[in-house]
There are 2 protein chains.
Amino acid sequence: MADASLARLLGTELPLIQAPMAGVQGSALAIAVSNAGALGSLPGAMLGADALRAEIEAIRAAVGGRPYNLNFFCHTPPVPDAAREAAWREALAPYYREHDIDPAKIAPGPGRNPFTAETADLLEPVRPPVVSFHFGLPDAALLDRVRSWGAKVLASATTVEEGLWLQARGVDAVIAQGLEAGGHRGHFLSPDLTRQPGLFALLPQLVAALDVPVIAAGGIADAQGVAAAMALGAAGVQVGTAYLLCPEATTSAIHRAALQSDAARHTALTNLFTGRPARGIVNRVMRELGPLSAAAPEFPLATSAIAPLRAKAEAAGSGDFTPLWSGQNASGCRAVPAAELTRALARGLAAAH
Amino acid sequence: MADASLARLLGTELPLIQAPMAGVQGSALAIAVSNAGALGSLPGAMLGADALRAEIEAIRAAVGGRPYNLNFFCHTPPVPDAAREAAWREALAPYYREHDIDPAKIAPGPGRNPFTAETADLLEPVRPPVVSFHFGLPDAALLDRVRSWGAKVLASATTVEEGLWLQARGVDAVIAQGLEAGGHRGHFLSPDLTRQPGLFALLPQLVAALDVPVIAAGGIADAQGVAAAMALGAAGVQVGTAYLLCPEATTSAIHRAALQSDAARHTALTNLFTGRPARGIVNRVMRELGPLSAAAPEFPLATSAIAPLRAKAEAAGSGDFTPLWSGQNASGCRAVPAAELTRALARGLAAAH
């Protein structure tokens with residue numbers, strides 16, 4: 001049974017992973033999910049070293065030896081481009097005026113951290129049971145360090161080609177990120193979004209092409225979705241959006257309201273918030289600038305220019321400039337404890353047999 | 001049982017529909033599928049009145065009273081725009097030169113026919129058991145005529161909003177066209193492609209929103225895909241791409257070769273061939289002009305300018321200018337009789353119970 005083998009690989013009771021979601025969750029959600037028998041995940045991309053260390057310690061103290069997952073981005077930080085940054089701020093200028101923001105006072109900032117040797121130094125004494133990567137993998141030496149600790153390594157593929165690339169580099173399982181998925185697209189071999197299929201097409205083709213277990217992600221919102229993914233040959237599933245209303249998530253009130261509204265029916269891939277395509281509920285800035293803009297600086301440099309607009313708008317109760325990350329299927333979002341949601345999703349694993 | 005009810009509605013043994021695919025099939029495929037217990041479909045959009053009448057007669061003579069489906073497009077023919085046509089031909093000019101084609105000799109042509117009062121006149125004596133529509137529905141009076149014959153009416157929805165719109169107008173079942181599907185997108189309420197989810201997200205949300213049965217389409221390539229769609233609440237499935245290698249399909253040798261190659265892993269929505277977004281395997285003209293071009297004339301007027309390029313290239317064995325229609329999952333294509341493929345797909349219906 002494929003799912004039993006994934007649970008054995010991960011050391012969990014269930015072949016079910018809570019998707020790491022930077023900015024909307026920390027250790028609390030990961031702890032609740034791991035303690036419910038699935039694999040809770042901590043997103044590391046927006047945490048500095050001290051915060052990362054503290055969050056990992058919180059998880060280790062609370063899960064009683066159960067496995068958990070630490071997730072990291074693998075981008076190469078770009079060289080800042082002053083002309084592009086200026087053009088981007090010019091595109092945002094009407095919004096700065098509307099919100100009484102002085103763009104000269106906006107500090108540039110990185111926004112999202114990649115996995116580095118310093119991250120590995122920090123993790124080495126921890127020996128995390130599972131580490132997952134997005135946007136490819138760290139370089140071979142760094143990856144070897146992670147594997148030398150005995151950590152199981154997972155990584156996202158948005159195409160069959162990316163799955164083959166990851167398998168050739170020794171990952172223990174591949175996450176099939178269907179186009180439905182919320183948050184950042186994990187692509188790394190090609191920026192061409194047309195190459196990335198929906199889960200109904202991506203998952204069975206990855207299962208056929210790979211020898212390692214394939215974990216289904218994107219649009220899976222409830223037990224029926226889990227059962228469908230297992231029917232398509234998944235070894236397990238990764239679910240993100242459905243957890244966003246759980247009390248253990250740090251999802252803002254504005255974001256929670258959007259997820260529960262009809263607006264959640266229309267998501268789009270946008271690069272306005274970070275510089276890389278990520279799926280969120282369409283809001284004012286995505287509508288007005290187009291969800292994908294050639295003017296946005298490279299990931300993650302686009303983050304800084306929009307941050308003060310987001311802060312001002314949110315202070316006034318508006319999500320007009322907020323990344324309202326969501327997959328294409330928010331219908332499974334429920335304001336219940338993450339353990340209860342995990343058990344409900346797990347019923348789809350049983351139904352698959 | 002939802003699927004039993006759809007089979008009862010359609011009058012078939014199986015809740016399984018062969019997707020109508022204009023240009024790559026005629027009556028032969030529809031006959032084979034209907035005689036295998038599923039619902040064969042004849043696409044009417046590219047047939048003149050005489051050809052349509054002959055194809056329907058061929059089906060009726062061969063299916064021994066079993067149900068079949070006649071499919072029609074519901075677009076409003078656009079007013080030709082000479083300036084836009086000239087700009088489009090200018091964009092194609094390098095290709096005309098390369099292929100030694102005199103653009104002055106290219107006749108403008110409609111390319112695809114909509115369902116009209118004349119179509120209804122032709123169908124009235126036939127009293128077709130099932131009629132399906134793409135791009136919305138014909139106007140209320142025409143739709144009433146179709147329903148007055150006792151025909152069951154199906155139509156495609158690419159969003160929840162379109163499903164609700166179709167249900168309010170009395171369709172008997174809604175086809176959930178996931179973004180994975182090959183050929184023309186069926187959208188009619190908004191041309192915004194970001195509104196159209198993958199099947200994993202669209203299907204369960206349509207099932208939850210509608211009272212009529214929902215038929216899953218897009219990316220379903222084999223019995224596992226059928227079982228997955230049923231797990232997500234589908235009342236039945238519609239499969240197109242998987243039939244394209246069957247001997248009963250009229251798929252060209254060039255198209256068949258593309259479907260069996262690694263190139264089939266990369267499809268995109270393109271408007272270059274007809275003026276409306278449709279999914280096909282990425283080829284030279286899609287790569288070089290971009291799969292979606294603002295210069296292409298309105299549907300179906302873009303068809304005529306590219307037709308002679310297609311003909312010349314195909315005569316030389318090249319699919320560089322051919323619409324290589326395919327969904328995102330061509331992995332189920334098999335060069336076996338359509339009845340055999342139908343029985344293989346139907347095993348997924350049994351697995352769902």
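Analyst: What follows starts at the contact between the chains and then moves out through a helix pair, the domains and a few backbone details.

Keep in mind throughout that this is a predicted model.

Let's begin with how the two copies sit relative to each other.

Now the contact itself. Chain B puts in 33 residues, and chain A puts in 33 residues. On the chain B side, α8 (199–209) and α9 (223–231) each supply at least two residues to the face that touches chain A. α8(B) gives the most, with 6 residues. Sorted by class, the chain B side has 16 nonpolar, 14 polar and 3 charged residues.

If you want to click through them, they are B:Ala223, B:Gln224, B:Gly225, B:Val226, B:Ala227, B:Ala228, B:Ala229, B:Met230 and B:Ala231. After α9(B) comes B:Gly233, which has a positive phi near 100 degrees.

Helix α9 (residues 223–231) of chain A packs with α13 (residues 338–351) of chain A at an angle of about 35 degrees, their axes being 7 Å apart. The crossing of α9(A) and α13(A) is right-handed. From α9(A), the contact uses A:Ala223, A:Gln224, A:Gly225, A:Val226, A:Ala227 and A:Met230. From α13(A), the partners are A:Ala344, A:Leu345, A:Arg347, A:Gly348, A:Leu349 and A:Ala351. Taken by class, this helix contact has 8 nonpolar, 3 polar and 1 charged residues.

Another spot worth a stop is A:Arg195, found in the loop between β7 (183–184) and α8 (199–209) of chain A. Is A:Arg195 buried or exposed? A:Arg195 counts as buried because 20 other C-beta atoms lie within 10 Å, and 20 or more is the cut-off for that label. Setting aside neighbours within four places in sequence, A:Arg195 is in contact with A:Thr159, A:Ser190 and B:His266. As for A:Leu289, A:Arg195 is 94 residues from it in sequence and 24 Å from it in space, C-alpha to C-alpha.

Stepping back to the whole of chain A, the domain assignment gives two pieces. Domain 1 covers 1–75 + 112–246 + 333–353, while domain 2 covers 80–111 + 261–331. Their C-alpha centres lie 26 Å apart. Between them, 18 residues of domain 1 are in contact with 17 residues of domain 2. The domain 1 side of that contact divides into 6 nonpolar, 9 polar and 3 charged residues.

Finally, some backbone details to check by eye. The peptide bond from A:Phe299 to A:Pro300 is cis, with omega near -5 degrees. A:Pro300 sits in the loop between α11 (284–289) and α12 (302–315) of chain A. Chain B also has a cis peptide bond between B:Phe299 and B:Pro300, with omega about -5 degrees, and B:Pro300 is in the loop between α11 (284–289) and α12 (302–315) of chain B.

Two residues other than glycine have a positive phi as well. A:Asp100 has a phi near 60 degrees and lies in the loop between α4 (82–98) and α5 (117–123) of chain A. A:Asp100 is exposed, with 7 other C-beta atoms within 10 Å. B:Arg127 has a phi of about 50 degrees and belongs to the loop between α5 (117–123) and β4 (130–134) of chain B. B:Arg127 is exposed too, with 11 other C-beta atoms within 10 Å.

Definitions and conventions:
Residues are numbered from 1 along each chain as its sequence is written. Chains are lettered from A and ligands numbered from 1 in the order in which they are written. This is a predicted model: local features need pLDDT of at least 70, side-chain atom pairs count only at pLDDT 80 or more; totals for chains, interfaces and linings use all residues. Two residues are in contact if their C-beta atoms, placed from the backbone, lie within 7 Å. Helices (H or I, at least four residues) and strands (E, at least two) are DSSP runs, numbered from the N terminus. Ala, Val, Leu, Ile, Met, Phe, Trp, Tyr, Cys and Pro count as nonpolar, Asp, Glu, Lys and Arg as charged, and the others, Gly among them, as polar. Domain bounds come from an automatic or database domain assignment. Axes are lines fitted to C-alpha atoms, for helices over the stretch in contact, and angles run from 0 to 180 degrees between N-to-C directions. A crossing is left-handed if the near helix is turned anticlockwise from the far one by less than a right angle, and right-handed if clockwise. A residue is buried if 20 or more other C-beta atoms lie within 10 Å of its own, exposed if 12 or fewer, and partly exposed in between; C-beta atoms are placed from the backbone.
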